[in-house]
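I opened my notebook to record what I looked up in this structure, entry by entry.

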Amino acid sequence: MNSEILEKIKEECRKLPDDISYIVGFVRKRGEPREVLKVLKPDEVDRMSFSPLSFNNPARIVMDLMKSDGKIAVIAKGCDARALKQLEKEEKIERERLYIIGVSCPGVIDYRKFRNAVKFRLPEIESVELVGDEVIVKANGEEQRIPFSEVIFENCLYCEQPTPKDYDVLIGEPREGKLDFSDIEEFEKLDREERWSYWMEVFSKCIRCHACRQVCPLCYCEECLVDPSNLAVSPMTPAEEKAAYPRVLGKTVNASDNMVYHLIRVLHHAGRCAGCGECERACPMELPLLKLERKLKKVVYEVFNYSPDEEIPFLSKLDILPEG
Amino acid sequence: MSSVLDEPMKNPYLPYKAEIVEIRDEVKGVRPIKTFKIRLIERERFDYQSGQGCLVSVFGRGESWFTIANSPTRPDLEFSVLKTGKVTTKLHEMEVGDVVGIRGPLGRGFPLEEWKGMNIITIGGGIGQTPLRSIYQYVIDNEKDYGDLTIVYGARTSKDLCYKDELFQLKEQGYNVELSIDNPEPDWPYFVGFVPDNLKRIKPDPKDTIAITCGPPIMIKITLGVLKDLGFKENQIYTTLERRMKCGIGKCGKCKLESVYVCRDGPVFRYDELSRLLEEA
Amino acid sequence: MKVYEGNFLKDVVAKLLDDGYRVYAPVKEKNYHVFKVVENADEVDFDYINTRRSPKDVTFPENEVLMKYGEWVEEIPAQADKTAIVGIRPCDIQGLRLMDRVFLEDITDPYYEAKRKNLLVVGYACNEAGDYCFCTSVGLSPFKSDYADIIVTELGDKQVVEIRSEKGEAVASKFDLSDASDEDVSRKKELEQKVLSSFVRSVNTENLKERMAEAFNSDYWKEVAENCVSCGICTYLCPTCFCFDIFDDGELKGVRIRAWDSCQFPLHTLESSSHNPRREKWQRLRNRFYDKFYYMLVRKGEFYCVGCGRCIAACPVGIDIAEVINNIPSGV
């Protein structure tokens with residue numbers, strides 16, 4: 001039960017080492033049942049909350065906080081910890097400044113499905129509890145039970161690592177995940193034309209708000225190849241360099257340009273994607289972006305026998321692969 | 001089929017066709033500045049005020065905002081262009097006879113009518129001299145309407161001064177031109193130090209005087225303090241603001257500073273207008 | 001007040017299509033509705049609270065070709081004529097009005113004007129407030145709009161049709177409308193009461209301008225922006241966000257387009273010199289809230305927020321404009 005998990009989180013946070021300056025955790029959003037990420041001081045533990053609606057990935061905020069001094073404690077689900085690990089491998093995070101409170105994760109709720117399924121008005125909802133395979137929602141002295149399977153974030157069904165691999169303390173019993181590409185294998189059965197028309201239809205809906213890129217903990221580049229105006233200039237950047245800046249993509253928003261945007265973006269996640277699903281969750285047009293990420297993951301696994309959980313970065317491993 | 005969209009007079013996004021008729025090197029080196037003299041084709045009149053700007057258009061590269069560098073009392077349009085990005089790099093490659101697009105005049109200029117009878121002091125730094133040049137040319141061409149003219153101008157080195165020949169000539173003709181460079185150089189006969197320090201030395205009398213300052217943000221900031229110490233009121237001080245601009249007609253929001261569109265409500269502002277804002281301009 | 005026995009909205013879509021209009025109407029995509037150009041009245045689905053995207057792209061498309069060029073301007077694209085939007089909610093009609101004020105006041109934007117003056121607006125009064133709706137807090141009504149040409153209220157078995165302009169009259173006159181009975185009028189009133197009581201969210205706008213002026217330099221804005229990711233969702237979905245960029249696509253031959261831009265993008269205000277007036281994300285986020293409730297109030301005399309709640313519902317990190325405004329600290 002998540003209320004028990006929350007109590008354990010709070011308990012761990014109260015006995016954190018003295019040199020911890022911040023806790024990156026969840027608090028409940030006002031007016032809605034979901035949690036939001038928050039940077040808390042160690043004396044603000046009482047504000048913390050945790051539920052299957054604590055779906056955001058804290059890695060991005062942790063990376064931001066690395067610019068400040070002090071150590072950081074973070075509440076991390078399996079995929080969150082993997083994003084942290086990846087950032088550590090890429091030297092964006094100093095592990096020794098991090099205290100990971102790992103949470104064994106049964107999966108998170110898809111908030112869109114939840115909003116459709118729940119009969120209460122959002123501000124009225126007092127609590128959302130996952131008990132066994134049911135989500136119990138309480139409001140106005142009433143309760144509604146929703147099967148977890150109806151509202152689970154689909155990506156969690158294929159989670160390879162519900163329990164963080166790297167943590168300082170773990171909350172909850174470790175859960176087993178498995179490598180499962182059955183959804184992708186199913187999709188691969190479609191023929192070329194069907195897949196093409198599927199994706200063109202998908203990409204035609206993209207509005208290029210860049211939310212998928214911005215929420216992604218691994219899309220941290222200051223200069224983005226597929227954003228024509230995103231040029232990191234300094235006072236010393238020569239005019240010629242600015243003038244000759246490669247423009248892979250303009251601001252034209254249509255199915256084919258959007259496809260270029262998404263494919264190039266996804267390719268930069270080869271062997272890196274943490275599988276947290278922030279991109280798909282953020283997309284206001286509900287594009288199935290995880291299908292792309294997972295297909296790529298499958299390729300990297302099958303062709304290069306690489307999993308993002310390995311200690312060395314994917315590209316480094318390619319360098320040391322034996323001939324043939 | 002013809003519609004209002006086909007007429008530059010009615011479609012403010014459509015540039016006028018213009019030709020480069022003269023190019024002068026102002027500053028050479030890694031951050032070069034060139035002044036372009038531009039003549040409109042198919043259009044004789046182009047009424048503007050000192051301080052207004054134009055969007056200069058190079059198809060395939062885009063548009064950039066430049067304040068008009070000469071006075072409406074002089075022929076053609078002049079723009080001084082620092083090579084800094086896509087459009088300006090292309091402009092620096094262009095030659096006499098090449099065609100560019102001009103949208104404008106845009107924004108609000110200096111209230112030169114209002115200033116009649118006043119002494120005028122312009123305080124400029126680097127390429128910020130551009131709008132000030134338009135003012136002093138105008139005042140010189142309408143000398144009887146204005147009191148004393150003082151031109152205070154400085155740059156990092158003597159090589160970075162714009163409009164050098166013109167300024168030396170004016171000085172020879174007896175105009176009050178106060179030049180400075182930041183660091184000592186052999187054979188430099190004038191002030192050495194920052195522009196605000198030169199201003200302190202000159203000590204202009206605020207009585208019946210309008211001060212206009214333009215240059216790097218830090219210079220403007222310090223100059224403002226010096227002027228206030230000298231007794232200038234905020235409503236005697238003007239500047240022009242710079243922001244990234246795209247549409248030039250107060251729509252696109254790029255240059256929006258709170259409720260103010262720099263391209264439309266400015267670029268010229270009187271200091272008391274800016275000090276009412278929450279954000280630092 | 002007139003009534004129509006049947007589904008006026010659907011029938012008006014069919015009629016307008018017959019008459020050669022380009023018709024935008026709500027269409028159900030997988031899990032949400034959007035306004036789309038429809039070819040058939042059967043594509044339309046009016047069972048919705050609000051569309052995922054605002055319909056601002058009807059007059060202000062995400063991409064718009066301003067001109068085609070080679071060495072010089074070669075062609076200016078012709079503008080579509082007779083267009084209609086059917087089923088637009090009162091908040092979005094206000095959004096349209098606020099957009100009109102940006103693009104038509106002062107210097108007229110001719111591209112916008114060409115689309116706007118050919119646009120027929122058939123509004124659709126709300127029968128219930130969504131969980132994120134707060135239009136009543138910004139002075140709007142969920143069932144009234146004087147800015148539409150026609151506004152329709154659903155009574156279940158019939159629809160109330162209110163005509164608000166000559167343009168609306170010209171269309172409505174082609175339908176068999178009868179005068180509303182006393183019962184219809186009282187049913188409509190009852191419904192309106194029910195709608196008003198269905199709001200669960202509000203924004204406190206009392207002394208808001210003063211409160212915001214006072215709080216401008218507060219650290220509150222840094223806290224609010226803590227988990228903002230600087231994406232464009234809030235601005236792209238917003239019915240009143242109007243920022244755009246102008247962009248040449250093609251070196252020797254191409255199109256000069258305008259494309260939506262967002263003040264939340266890190267390099268929106270970046271100048272070529274590398275100076276960036278709003279370098280920090282909290283400055284950018286603060287800018288959005290001040291623009292909606294302060295800057296545009298100074299410039300245009302009204303809030304540039306219509307209370308549609310789209311930005312709240314879609315924000316991936318849970319930033320909530322209503323809560324942000326309500327919790328502005330005082331005495332800082």
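I worked from a predicted model, in which local features need pLDDT of at least 70 and side-chain atom pairs count only at pLDDT 80 or more, while totals for chains, interfaces and linings use all residues. Residues are numbered from 1 along each chain as its sequence is written, and chains are lettered from A and ligands numbered from 1 in the order in which they are written.

Helices. I looked up H4 (residues 195-202) and H5 (residues 217-229) of chain B, whose axes come within 9 Å and cross at roughly 20°; helices (H or I, at least four residues) and strands (E, at least two) are DSSP runs, numbered from the N terminus. Axes are lines fitted to C-alpha atoms, for helices over the stretch in contact, and angles run from 0 to 180 degrees between N-to-C directions. H4(B) and H5(B) are therefore roughly parallel to each other, a term for angles under 35 degrees. I noted that H4(B) contributes Val195(B), Pro196(B), Leu199(B) and Lys200(B) to the contact, and H5(B) contributes Met219(B), Ile222(B), Thr223(B) and Val226(B); residues are in contact if their C-beta atoms, placed from the backbone, lie within 7 Å.

Strands. I found that E1 (residues 16-27) and E2 (residues 33-40) of chain B pair in the antiparallel sense over eight bridges, where pairing requires that DSSP finds at least two bridges between two strands. Ile23(B) has Phe36(B) in E2(B) as its bridge partner. E1(B) and E2(B) form a hairpin with five residues between them, and Gly29(B) in the turn has a positive phi of about 110°. I also saw that E2(B) runs antiparallel to E5 (residues 77-82) of chain B, joined by six bridges, and that Thr35(B) stands opposite Ser80(B) in E5(B).

Technical notes:
Parallel < 35°, antiparallel > 145°, perpendicular 65-115°, else oblique. Contact = placed C-beta atoms within 7 Å.
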